[in-house]
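Please look at the sequence and the model below before reading on. The text then goes through them part by part.

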Amino acid sequence: MLNIDLTNVEEQSGDLPAGEYIATVSKAELKDTSTGGQMIATEFTINGPVQANRKAWFNFNIKNANPKAVEIGLSQLKTMIVKSGKNIGTLNDLNLLYGLQVGIVVKPQKSNDPRFDGKTGVVGFKEAKEVKALAPTPQGINVASTDIPF
């Protein structure tokens, strides 16, 4: 008979806790933006040990009516690539991004959209060796128990 006591167990937030993580690019897709531009939508998989296999996302703005938005997006893209230890002069295949390992900085973000205001997200990149500390494990969860296959 199943009898699991969840009385003193905290809920896990959907947000990735703020902190620094070593992550691998697990997906990179060219997508249209809602304003008619284009972005590279990138998914990162946290390597662990804390928060292992959790996902984080970042969009690199590469085409926009505002040239400053493109300048920032391309700068962020180059920073991510360089911090991963690669040097790609011209990116002509998104497959080159798959498997890149980089440090990601996750913090709460401000947004005019109430769905996203205060949610955590990737705000910067570091070399993996620069990642100072892993984010704390949510209270009540044993890191070893995150390997449970369900």
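Residues are numbered from 1 along each chain as its sequence is written, and side-chain values use heavy atoms, with hydrogens and water left out.

The pLDDT is the predictor's confidence in each residue, on a scale from 0 to 100. The chain averages 86, and 85% of the residues score at least 70. Over residues 139-150 the pLDDT is below 50. Beyond near neighbours in sequence, that stretch has 4 contacts in the model, a contact being heavy atoms within 4.5 Å. Where pLDDT is low, the predicted coordinates should not be read in detail.

The core comes next. A nonpolar core is a set of buried Ala, Val, Leu, Ile, Met, Phe, Trp, Tyr and Cys residues joined through side-chain atoms within 4.5 Å. Buried means under 20% relative accessible area, exposed means over 50%, and partly exposed lies in between (1.4 Å probe, protein chains only). The largest nonpolar core has 21 residues, and those with the most contacts inside it are Phe44, Met80, Leu97, Ile104 and Phe125. Two or more residues each come from β1 (19-32), β2 (38-46), β3 (55-63), α1 (67-83), β4 (101-108) and β5 (120-126). These helices (H or I, at least four residues) and strands (E, at least two) are DSSP runs, numbered from the N terminus. The largest share of the core, 4 residues, is given by β1.

Not counting residues up to four places away in sequence, Phe125 touches Phe44, Phe58, Phe60, Gln76, Thr79, Met80, Lys83, Val102, Gly103 and Ile104. Strand β5 has 5 of its 7 residues buried, so β5 is largely enclosed by the rest of the structure. Strands β4 and β5 run antiparallel and are joined by 6 bridges; two strands pair if DSSP finds at least two bridges between them. Within this pairing, Val105 stands opposite Gly124 in β5.

Lys126 lies in strand β5 and Glu20 in strand β1, so the pair ties together parts that are 106 residues apart in sequence. Lys126 counts as buried at 17% relative accessibility, and Glu20 is buried at 16%.

Another salt bridge joins the side chains of Arg115 and Asp113 (2.6 Å, N to O). Here Arg115 is exposed, at 57% relative accessibility, and Asp113 is partly exposed, at 22%.

Glu43, in strand β2, is buried at 13% relative accessibility. Its side chain makes a polar contact of 3.3 Å with that of Trp57. A polar contact is a pair of N or O atoms within 3.5 Å; within protein, one must be able to donate a hydrogen and the other to accept it, and residues adjacent in sequence count only if both atoms are side-chain atoms. Leaving aside neighbours within four places in sequence, Glu43 is also in contact with residues including Thr24, Val25 and Lys55.

How values were computed:
This is a predicted model: local features need pLDDT of at least 70, side-chain atom pairs count only at pLDDT 80 or more; totals for chains, interfaces and linings use all residues. A salt bridge is a side-chain nitrogen of Lys or Arg within 4 Å of a carboxyl oxygen of Asp or Glu.
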